[in-house]
Structures are given as C-alpha cells and as structure tokens.
Amino acid sequence: MKYSRMTKISPIWIPLFFFITTFAISSNHLKAQSNPVTIPNIIWFETYDLMSRFISNQDQDFDFSPNPDPLSSKSTDFPTAEEVSRKWLSRHPYPRDTVEKRIIGVMDDMQDNQAQGMGNVLPEDGRLMRMFTELLGAKHVVELGTANGYSSMWFCLALRETGGKLITHEIDPERIEMAMENFRRAGVEHLVTLIEGDAHENIKKLNGPIDILLLDAEKGGFCDYLEKLLPLVRKGGLIIAHDSSGEAHLMDDYFKAITENRDLETVFVDASRWGMCITRKMR
Ligand SMILES: C[S@@+](CC[C@H](N)C(=O)[O-])C[C@H]1O[C@@H](n2cnc3c(N)ncnc32)[C@H](O)[C@@H]1O
C-alpha cells in the first residue's frame with residue numbers, strides 16, 4: 001500500500017539525516033547553549049528545532065509582528081502621542097469665555113516669545129495636568145519650579161472651574177518677575193501664590209491636604225521634595241514628576257523611591273516627548 005511503504009526506513013534517510021543535522025548545527029550556531037554542549041545534546045536539539053519549524057511551518061528568525069520588541073523605542077514606526085496631538089489638537093484649547101481668552105492669549109505669547117531656555121512643560125503635558133486637576137476637583141495644587149509661569153497657567157485654567165488655588169515655588173528672581181507679570185496679564189493673580197526662594201526650605205511651611213503636586217524644579221531635589229511633601233498629599237492625590245522620559249537618566253533615585261513604596265501607584269506617560277511620571281497616593 002502507498003502509505004505503509006512510506007513508513008519503511010529507506011537507506012537514503014540515514015545519510016540525509018546526518019546531512020540535515022550537520023547543516024543545522026553549522027547554521028544555527030549551537031543554540032543549545034543552556035544545555036551542556038555535548039554531541040548527543042546538539043544533535044537532539046537541532047533535529048528537534050528543525051522538525052518543530054517544519055511542522056509549524058514557521059521560520060522563527062522572521063518576525064511578522066509590527067512591534068517585535070516593545071521595550072525598544074526604535075522598534076516601531078507608530079507616531080508618538082505628541083505627533084498625533086499636534087496633528088489633531090490646536091496648541092492651546094479654544095477659549096470658551098472671555099476669561100479663558102485672556103489666559104490663553106498670554107499662554108500663546110509665552111510660547112511664542114518666552115519659551116526659549118525656560119524649560120516649560122509642552123502643551124501636551126499641560127493639557128493632561130489641566131484634565132487631572134479638573135477630574136480630581138483639586139482645591140490645593142502645589143508646584144515646584146514656576147519658571148515664567150506657563151505650567152501654572154494650565155493649572156489656572158482648571159482651578160477656575162474647581163474653585164481651587166495654586167501655590168508655586170521659584171528661586172530665580174528674574175523668572176519670578178516674569179511669572180508675576182504673566183499672572184497679572186492673564187488676570188489669574190487671585191488663583192496663584194508665588195513663593196520666592198529655595199523650595200526645599202519653603203515647602204516646610206506648607207499645609208495639606210495637597211490634591212496635586214507637580215515636581216518640576218531641579219531633578220536632584222525630587223527625592224527631598226517627595227519626602228517632605230508626601231505626608232501632605234491626600235489619599236487619592238497625585239504627584240506628577242515632569243521630564244520622566246527626557247531626563248530619566250537624572251531620576252533613578254526618585255523612580256526607586258516611588259516604585260518601592262507600596263502605598264503609591266505609578267504610571268509613566270509620554271503625552272509629550274518629555275514624559276510625566278504620574279503617581280497616585282493610595283493610602
Ligand atoms: C523646568 S523649569 C520649570 C518650568 C515650569 N514648571 C513650566 O513648565 O513653565 C525649573 C524651574 O525650577 C527652578 N528651581 C530650581 N531649583 C529650585 C529650588 N531649589 N527652589 C525653587 N525653584 C527652583 C528653576 O529656577 C527653574 O525656573
């Protein structure tokens with residue numbers, strides 16, 4: 001019968017078996033490295049490997065998936081969130097009333113004429129900060145690192161809605177002056193208290209509960225800021241550390257501190273290329 005004849009071992013299979021095995025050994029570079037490299041092991045592994053590929057009809061060296069290594073940022077051609085945002089969203093939100101129009105007008109000017117070297121958050125980050133502030137109904141927001149007040153403006157857009165206030169800290173006198181002027185021009189002075197001087201000292205006088213804390217001063221100070229202010233952050237409150245992707249190399253100690261604390265839950269978000277490490281205080 002046709003089928004029973006196929007099960008007979010023909011003499012041609014013996015040299016063919018050795019040929020396939022030798023070929024497999026040389027082409028696969030002894031992949032059985034985790035096993036002791038003995039001739040029987042190699043023959044067994046390579047034959048098994050070859051047969052598995054033949055049976056599953058797959059070449060395992062060829063990856064068909066669109067994102068072969070999700071940990072490598074270079075492994076995908078997807079647009080970034082920032083690119084998609086810039087295609088679909090205006091730089092700043094459309095004003096819904098005259099008060100917003102005034103604030104957003106100043107924000108436009110800050111982006112066009114003051115942003116150089118200021119280290120401002122990008123609009124994509126600001127949008128997320130505003131959204132969180134409104135979602136949490138935040139009444140008490142604390143910011144470390146005001147610069148000229150651009151990120152503060154994003155908070156102000158939300159605090160108008162929640163009835164909350166912002167306390168922001170800045171050490172550089174020139175930037176303090178710029179920020180004060182920007183807050184005045186935007187008509188948000190009543191929403192913001194700017195504390196002048198070294199935030200490491202000044203935050204000792206703060207009271208809780210803090211709904212949202214933005215860390216955006218010098219990265220080397222983040223652990224100290226966290227240690228001093230975490231007790232004041234309310235349960236369910238957020239700690240947002242800016243530049244968690246762009247300056248990740250400066251933030252190892254901070255990342256260690258937040259990820260090892262079991263009462264904190266963290267997500268790293270790249271709304272913009274700079275990234276934000278968003279941490280929720282669970283209890
Ligand atoms: C990246 S900028 C802040 C940008 C701002 N959050 C924004 O998005 O518009 C960092 C600011 O932190 C300030 N800074 C650095 N160390 C500080 C400290 N110890 N106390 C207060 N401010 C500090 C710097 O002067 C600088 O203006």
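Conventions come before the structure. Residues are numbered from 1 along each chain as its sequence is written. Because the model is predicted, local features need pLDDT of at least 70 and side-chain atom pairs count only at pLDDT 80 or more, while totals for chains, interfaces and linings use all residues.

The protein chain has 11 helices and 7 strands; these are DSSP runs numbered from the N terminus, with helices being H or I of at least four residues and strands E of at least two. Of its 283 residues, 32% count as buried. Buried here is 20 or more other C-beta atoms within 10 Å of the residue's own, exposed is 12 or fewer, and partly exposed is in between, with C-beta atoms placed from the backbone. Among contacts between residues at least 6 apart in sequence, 69% join residues at least 24 apart, where a contact has the two C-beta atoms, placed from the backbone, within 7 Å.

Now the ligand. There are 20 residues around the ligand, and Gly119, Gly145, Tyr150, Ser151 and Ala199 come nearest; to be near, a residue needs its C-beta atom, placed from the backbone, within 6 Å of the molecule. Helix H7 (150-162), strand S2 (165-170) and helix H9 (199-202) each give two or more residues to this shell. By class the shell has 6 nonpolar, 8 polar and 6 charged residues. The nonpolar class is Ala, Val, Leu, Ile, Met, Phe, Trp, Tyr, Cys and Pro, the charged class is Asp, Glu, Lys and Arg, and the others, Gly among them, are polar.

Next, helix H5, residues 98-113. Its 16 residues should span 22 Å at 1.5 Å a residue, and the end C-alpha atoms are 22 Å apart, which agrees; the expected span is 1.5 Å times one less than the number of residues. Which residues of H5 are buried? They are Ile103, Ile104, Val106, Met107 and Met110. Seen down the axis of H5, these fall within an arc of 155°, so they line one face of the helix; the arc is taken over the directions from the helix axis to the C-beta atoms. Thr98, Lys101, Asp108, Asp112 and Asn113 are exposed, on the face of H5 turned away from the buried side.

The cover over the buried residues of H5 includes H7 and helix H8 (173-186). The axes of H5 and H8 come within 8 Å and cross at roughly 145°. Those axes are lines fitted to C-alpha atoms, for helices over the stretch in contact, with angles from 0 to 180 degrees between N-to-C directions. From H5, Arg102, Ile103, Val106 and Met110 meet Asn182, Arg185 and Ala186 of H8. That contact has 4 nonpolar, 1 polar and 2 charged residues.

Last, some backbone details. Most residues other than glycine have a negative phi, and most peptide bonds are trans. Ala147, in the loop between strand S1 (140-144) and H7, has a positive phi of about 55°. Ala147 is buried, with 26 other C-beta atoms within 10 Å. Asp243 also has a positive phi, near 70°, and sits in the loop between strand S5 (233-242) and helix H11 (252-260). Asp243 is buried too, with 22 other C-beta atoms within 10 Å. Gly208 and Pro209 are joined by a cis peptide bond, with omega about -5°.
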